[in-house]
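Here is a short briefing for you to read with the viewer open.

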Amino acid sequence: MSIRPQSVARAKTINLGRLACTHLPPHGTLIDRMHPPLVLGLSVGLGAMAGLGLAAGGCAYAAMWPESRIFGDTLIAPQRPGELALTFDDGPNPAWTPRMLDVLASHNVQATFFILGNHAKAEPALVRRIVAAGHLIGNHSWSHQNLAIAPARRVQEELAWTSQTLEEISGAPIRYFRPPFGARRPEVLRVARWMGMTPVMWNAMTSDWKNPSADRIAAQLGRKIDRLERRGSAANIVLHDGSHLDMATDRAPSVAATGQLIARYKNSHRFVTVDAWG
Ligand SMILES: [Zn+2]
């Protein structure tokens, strides 16, 4: 199978497992709607991808769009309206993850933390605290590289180092993986599954990583949650307790927004961790 762009300018081809992508880079709509720090990743990534002939159009959709399954199946959310999974990426963050844990504990809500290996190595006690509180932890790569364009060996290292570190700290196998920026290619998903992990994407995200107000984050996510519910779907919600750019990035708005969302939905909805879904 190959994905053919509508126009092939400067076309080069890169093999992505069984898929071949050709070059089609109109920036814009797709990229604006994909993962946030991907703006950074893609500004780097698009240049690199364009150079590799992997960029944009069908390929960007396949590689980056959270709900695309072109490059392989991923866990997003089942048709179970009323179920919400809070997922937190890019931690642990010594300044803000403890506060996020306090908010979750105050409501007796469990969440899923997709952790960066290099942050876990620096903060093992914080990882243990997350696990001890009953939350699920998953692999979010070692250093948050764009794995859609990383060499195969690097993909394996990023995933293996992180799972090994998390398993050493937690004493339990790591069963879930979220690709940084949501960026993947078939090989990335294959490696994750070979390591015993289910790849996880999302269906509700806003730009909490840009540090807008808590009210705005909660309102935007609330609209998405309500829309998903009208479509009969559970919500897989992404927020950030950490950052791949700065270990102690201010996540006060994300912490406060989490409290607002739980308060709004806790009486009418059920908060689950992603292992409830497969
Ligand atoms: Zn991330």
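Predicted model: local features only at pLDDT ≥ 70, side-chain atom pairs only at ≥ 80, totals over all residues.

Residues are numbered from 1 along each chain as its sequence is written.

**The whole chain**

- The chain holds 10 helices and 11 strands; helices (H or I, at least four residues) and strands (E, at least two) are DSSP runs, numbered from the N terminus.
- Of its 278 residues, 49% count as buried. A residue is buried if 20 or more other C-beta atoms lie within 10 Å of its own, exposed if 12 or fewer, and partly exposed in between, with C-beta atoms placed from the backbone.
- Take the contacts between residues at least 6 apart in sequence: 76% of them join residues at least 24 apart. Two residues are in contact if their C-beta atoms, placed from the backbone, lie within 7 Å.

**Strand β5 and Thr112**

- Thr112 is found in strand β5, which covers residues 112-115.
- Thr112 counts as buried because 25 other C-beta atoms lie within 10 Å.
- Leaving out residues up to four places away in sequence, Thr112 touches Ala85, Thr87, His135, Leu136, Gly138, Thr273 and Val274.
- Thr112 and Ile237 are 125 residues apart along the chain, yet their C-alpha atoms are separated by 9.9 Å.
- From β5, Thr112 and Phe114 point one way, Phe113 and Ile115 point the other way, and all are buried.

**Strands paired with β5**

- Strand β4 (residues 83-91) runs parallel to β5, and four bridges join them. Two strands pair if DSSP finds at least two bridges between them.
- Gly91 has Ile115 as its bridge partner in β5.
- From β4 the chain passes through helix α4 (residues 97-107) to β5, a right-handed β-α-β crossover. Right-handed here means that, with the strands pointing away from the viewer, the path from the first strand over the helix to the second runs clockwise.
- Strand β6 (residues 136-139) also pairs with β5, in the parallel sense and over four bridges.
- For Phe114, the bridge partner in β6 is Gly138.

**Backbone details to check**

- Gly91 and Pro92 are joined by a cis peptide bond, with omega about 0°. Pro92 sits in the loop between β4 and α4.
- Asp90 is not a glycine, but its phi is positive, about 80°. Asp90 lies in strand β4 and is buried, because 28 other C-beta atoms lie within 10 Å.
- Asn211, also not a glycine, has a positive phi of about 70°. Asn211 is placed in the loop between β9 (204-205) and α9 (214-230) and counts as partly exposed, because 15 other C-beta atoms lie within 10 Å.

**Helix α4**

- Thr97, Met100, Leu101 and Leu104 are the buried residues of α4. Seen down the axis, they fall within an arc of 100°, so they line one face of the helix; the arc is that of the directions from the helix axis to the C-beta atoms.
- The face turned away from that buried side carries the exposed residues Asp102 and Ser106.
- The cover over the buried residues of α4 includes β4, α6 and α10 (252-265).
- Asn108 follows α4 and has a positive phi, near 55°.

- Helix α7 (residues 152-170) has 19 residues, which at 1.5 Å a residue should span 27 Å, and its end C-alpha atoms are 27 Å apart, which agrees. The expected span is 1.5 Å times one less than the number of residues.
- In α7, Val155, Glu158, Leu159, Thr162, Ser163, Thr165, Leu166 and Ile169 are buried. They cover an arc of only 165° around the axis, so they lie on the same side of α7.
- Exposed residues Arg153 and Glu168 are on the face of α7 turned away from its buried side.
- Covering the buried residues of α7 are, among others, β5, α5 (117-122), α6 (124-132), β6, β7 (176-177) and α8 (186-194).
- Gly171 follows α7 with a positive phi, near 75°.
- In α8, the buried residues are Glu187, Val188, Leu189, Val191 and Ala192, and α8 is followed by Gly196, whose phi is positive, near 85°.
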